[in-house]
Amino acid sequence: MFLSLKSLIGNTGESNTVLLRGKMQFMLLFSRQGKLRLQKWYVPLSDKEKKKITRELVQTVLARKPKMCSFLEWRDLKIVYKRYASLYFCCAIEDQDNELITLEIIHRYVELLDKYFGSVCELDIIFNFEKAYFILDEFLLGGEVQETSKKNVLKAIEQADLLQEEAETPRSVLEEIGLT
Amino acid sequence: MEKTLSALPSLLSLEPGAKLAAASRLGALVRGITELASKQKQMRECLVRLIYCEMLGYEASFGYIHAIKLAQQGSLMEKRVGYLAVSLFLNESHQLLLLLVNTVLKDLQSTNLLEVCMALTVASQLFPPEMIPAVLPLVEEKLQHSKEIIRRKAVLALHKFYLIAPNQVQHIHDKFRKALCDRDPGVMAASLHIYLLLIKENPDGYKDLTGSFVTILKQVVGGKLAVDFNYHSVPAPWLQIQLLRILRLLGKDDPVTSEQMYDVLDESLRRAEINHNITYAILFECIQTVYTVHPKADLMEKAATCNGKFILSPKNNLKYLGLKALTYVIQQDLNLVLQHQMTIIECLDHSDPIIKRVTLELLYRITNAQNVTVIVQKLLEYLRESKDEYVTISLVGKVAELAEKYAPNNEWFVQTMNAVFAVGGDMIPSDIPSNFLRLLAEGFDDEVEDKQLRLYAVNSYLALLEKDQVQYPQRFLQVMSWVLGEYSYLKTETKPEDIIEKLHCLLGKCSVSSETKAWILSAITKLFRLTLNVKVLPEVLQSYGNSMDSCLRQCSFELKQLVENREIMNTVLPLDASCDDIVVDASLSFLDGFVAEALGHGAAPYKPHHQRQEEKLSQEKVLNFEPYGLAFVTSPQASSVTGRQSPAGLSIGSEISCNSTEAGIKDSNSLKLDGVKKVWGKEGYLRKRESKVEALASLGSESETTTDTSSKTERTATVSEEEQEKQQLASSLFVGLGSNNLVSLMGKPQSSTQKVWRKSKIVEGQNGHEKAMNAQKTIVPHPPQIPNLMDNVGERCSLFQESKAMPLRKTSSDSAEVPTEQPAQGYDRSWTPSNNLKTIKAMPSASKEPFSGLFADGNFDIIQPANCRSAFEAHDQISGLAPSLPEEFAQHAHSKLELLCANENIALFSCKIWKEDCLLIPLFITNRSSVEVHNATVNFALTDELQTSESTDFPFPVVQSQTTVKCHLCLQMVNPCTQVLLTGHLTYQLESSHCTQEEFTLILFLIDFIRPLKLTTEEFGHLWLSLSNDVKQNLSFAPNAPEALSSALHTLQKELKLHIVDIIGTEGIIACQLLPSTPCLLHCRFHGGILSVWLRSPCSVLPDCMLYECQKVMQNVQL
């Protein structure tokens, strides 16, 4: 069951001897026009493969009709996707994984974005996409759910953000804040 | 250059037309980055833009180094962006990652929480495996940190380390337990990720934790967790799911452990009432767990009801999951399918292809002999619509499998396979056509029926070729041409010339690949034995005699020679003999004269491909040290002059697709049985073919079971026509699934109706083997490529007479002299099973050989498979029959003989013998019953890590009552790993009853394969410099005495069988090698109570593994 991505990671050197376990493989956010807005890869792939996968998936998902299943089979992976307003959130998992919980992971991520930005829209993500990444990293780490409590995730992000506002202050002061 | 993020949109709005502008902007960015290298704040923004550019698809690798720099030098905010950019840009194997290690190390030691957080976050996403020892102590330390977020991230970083280098983290299992008991639920949840991995690998090691997991789940389900963790008022769903998965692994096949979890599973099923996706997600896991653990009736009933909710739901997502759960569940309970048969029928025509697909998967699993026609028809329909390559490959395999297993009659079988070949096109995996051809060639016991089948196939292919404009896939054409070449003689009413003419037409088509042309040419060659009319011959010879393709050219030369000489034709290509044994002179001895002549003229001796490769590689390195060059031992075809192999039992085959001959020889050497095992399922043993299945077309005549099961649906008084159709389909699909004739999963044959399409090879013992082996080979028209040496031979017609002995299937005079000298050479050179079948008389008691001191801690474990529970209870009674180790083995270091598995009829003993060049696993099979045991076969399944130069199958045609036979397996380890399971099974027949199968498992450790490597200090030095993979680690070592080093080294030497090369002052050098010939060098330095060990080896994994072994030894010493 762990072989599924083997076919994809042909040329990534020695690291492909590592067995892949039932975790998320990658997450993509793209707009209705097919523009990529966020990408996070939890398996080592070459740039060329990433581009190929993205292109194929965006096409496939955009072609789906609204009432259809949120899941689809793609190569030997399962794709779970959901559309929120003009953005598609799309995750790849392995065949044995639970599709529904992945759908809820997407939803929780959207909730987090929503809470952070205050009714999030596509533009928020375009202009602050590094923030969107920070939130994602706080929620999912290495393809596994790290923290499920909404409060804790946002607390961690806000703590780090505090520093940005005082970015110009000297470093020693920053360290004081970090220590608290 | 704009300095704020607000400038981004302009960069984003790049239209494809404005490509030039984009390129120039990128250029500006490149310049900006180099200029701004010192100004970190601006650098941060540049990097953010760079991330965006890369997402848009532009090449951004020029900025990678700046991301690393920023992470290293920036202040907190810059660092954050730097780390983010690194984690997005690089992957684990990227070289720049090494530059990050120091930064991570520094930040882990920082007093600032945020810096520590960032370092841990990046480490749990990507980290170079070889540098893990550097940060490991720091990360471990963080497990005790006062902040939960740090502890949580540290656990996840360890999770990552475990994934990429499990050996490095093995010593901190206790700390995982501490994390599991952490007072913070977040940390505990994170530790479950690690436990899921650990338990997946070794469920038995963690049974003691079942209670804890159950308690945690109980508390979570009971809502004892903080409200924070609720998700849509469901308490911590992710945690619940993770726990359910762990419990599933723990409870599988274990009634005692399962008993502990029934309550909480029941509770989970009950609690999940709210109609929300998240509860369904939990329910889905619950259902799977209930059906995986040891079954409990009322729980399963509840789970089934829940699953019903899924399937009947109008939401497609839930329907899909319900069907998916059903595919898991039917392994336990086939009746569930019957409950939902009408829904399944509806889903078959669902508008969403994925629901269709999962329904078909379900159908595939419920196929039996009665519903196979309908199900295969549905599968083929889907296949024709689907364009996806992955779907096609997997479905085509399934259809072929079902057709071979359950085909009701010849016509249907051939038609179905034709459809498979046509639909599968060239994506079809190569084993499908070869299995099909083997089936045709080997046939069944019934001569008449075989002929019918072959004739039917010939007829159908002739009909297909009749259609001119249709293009068939290459594989299909190959199958056609082989069948036509081999079996056209059965069709007496068609003249062979006509068939030749047809094939010749095919040859002319440009859509036909040259590989296929070779198949067709050989078919034509075979057809010429049926006719004397050689009208088309000149034309064929003209077009292919000068072909650029050497394979085609060779085929046409053969054709010419054979047609000219009918006598040879008849010996070389006898009718209907594709299954007969062939002996080929694999050593090509008839070429010796030619080779000698060439050598005499000053030609360089031939070197096989891999040898040339190795030489090339070693030239690239600075130094070449080859004292351990055992690598050639396994290559029998080394050089035709020096390393002459006897052809005993060795005949040349080649893969169905034009592989090189070298590969072909390898195949025939090692009896490729792995593929075979898969195909020749258990059903094959039974050989029941009493009655043929009635044509299933008449749906009206439903069997009793069908009426029984579908009665529910028939209750509706008035049914529309459409409904009726569906019901008919249902009755044909679900026939034979009723509870009173329950078919186990994958349709184990109903003996009365099942016609067995595959027969066993193993059942016939050694003969079966050979036959199978040859059949596999002879499907191939010719080994399409000539070995290097013969390339120029083929062109000279004068030598051609000799060379054809090689490519052609024959037992003719050319090689006759060789087989006669086989036996003498064969015995000492290659190990043949029959040679080792010395039957030893049972010894009165197990010999108590002095147990080798090196392995006194008895690392010879035995895993007891579930099905031989009684083995140990029976141990006392059998010990009277236990064999003793023969002298030839006993002289080596060895472990005690242990019982592997036993029942009332047969007992299996084994031990480990640490020979110098291999790990020898002898196997003693004792027949404890009062009758003879027939056709006993021991088969070892080797994992990738292990290799043997010999066969892994040991057949014993007869084992006398109350006697012991033995065989042995020489193992070497190719891919180092700390431990590996050697599994195998023994099949045998008592009197004439069915085959029985016993499985057994042995744990082999790395140190079983480690041998001392005798080197001088000087040699050590040279070798040390030439090796590149190294690992360094400090081992704490308490006694600070002057002799501490030498005592430590001697402990290592004793425990791990190393060779101490030299000890100079506080430093020591040790050498060992992993069988077959991978050296591993250790350099130890003792300083202030710390023993720092530095390992080097040409293999990247070996130092890690050895380090782990050393750690273990040193820990034991301290205890």
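A polar contact is taken here as a pair of N or O atoms within 3.5 Å, where, within protein, one atom must be able to donate a hydrogen and the other to accept it. In the predicted model, the count between chain B and chain A on this basis is 27 residue pairs in polar contact, both residues of a pair being at pLDDT 80 or more. On the side of chain B that touches chain A, the largest share, eight residues, is contributed by helix 9 (residues 148-164) of chain B.

The contact as a whole draws 76 residues from chain B and 77 residues from chain A. Between them, chain B and chain A bury about 6800 Å², of which 56% lies on carbon and sulfur atoms. Within chain B, the residues that lose the most area to chain A are B:Met55, B:Arg80 and B:Trp238, which together account for 11% of what that side buries.

Charged pairs also span the interface, where nine salt bridges are found between chain B and chain A, while the count over all chains comes to 43 salt bridges. A:Glu99 forms a salt bridge with B:Lys324, in which the closest N and O atoms are 2.8 Å apart. This pair crosses between chains, running from A:Glu99 in helix 2 (residues 99-117) of chain A to B:Lys324 in helix 18 (residues 316-329) of chain B. A salt bridge is likewise formed by A:Arg64 with B:Asp352, with the closest N and O atoms 3.2 Å apart.

Turning to the strands of chain A, five of them form an open sheet in the order 2-1-5-4-3, and the pairing is antiparallel. Strand 2 (36-41) and strand 3 (71-74) of chain A stand at the edges, and each has a single partner strand, so that one side of each is left without a neighbour in the sheet. Neighbouring strands of this sheet are turned against each other by 20 degrees on average, when direction is ignored. Within the sheet order 2-1-5-4-3 of chain A, strand 4 (residues 77-84) and strand 5 (residues 87-94) of chain A pair in the antiparallel sense over eight bridges. As regards individual positions, A:Arg83 stands opposite A:Tyr88, a residue in strand 5 of chain A.

How values were computed: Residues are numbered from 1 along each chain as its sequence is written. Chains are lettered from A and ligands numbered from 1 in the order in which they are written. This is a predicted model: local features need pLDDT of at least 70, side-chain atom pairs count only at pLDDT 80 or more; totals for chains, interfaces and linings use all residues. Side-chain values use heavy atoms; hydrogens and water are left out. Contact means heavy atoms within 4.5 Å. Buried area is the accessible area (1.4 Å probe) that two parts lose on being put together, summed over both. A salt bridge is a side-chain nitrogen of Lys or Arg within 4 Å of a carboxyl oxygen of Asp or Glu. A polar contact is a pair of N or O atoms within 3.5 Å; within protein, one must be able to donate a hydrogen and the other to accept it, and residues adjacent in sequence count only if both atoms are side-chain atoms. Helices (H or I, at least four residues) and strands (E, at least two) are DSSP runs, numbered from the N terminus. Two strands pair if DSSP finds at least two bridges between them. Axes are lines fitted to C-alpha atoms, for helices over the stretch in contact, and angles run from 0 to 180 degrees between N-to-C directions.
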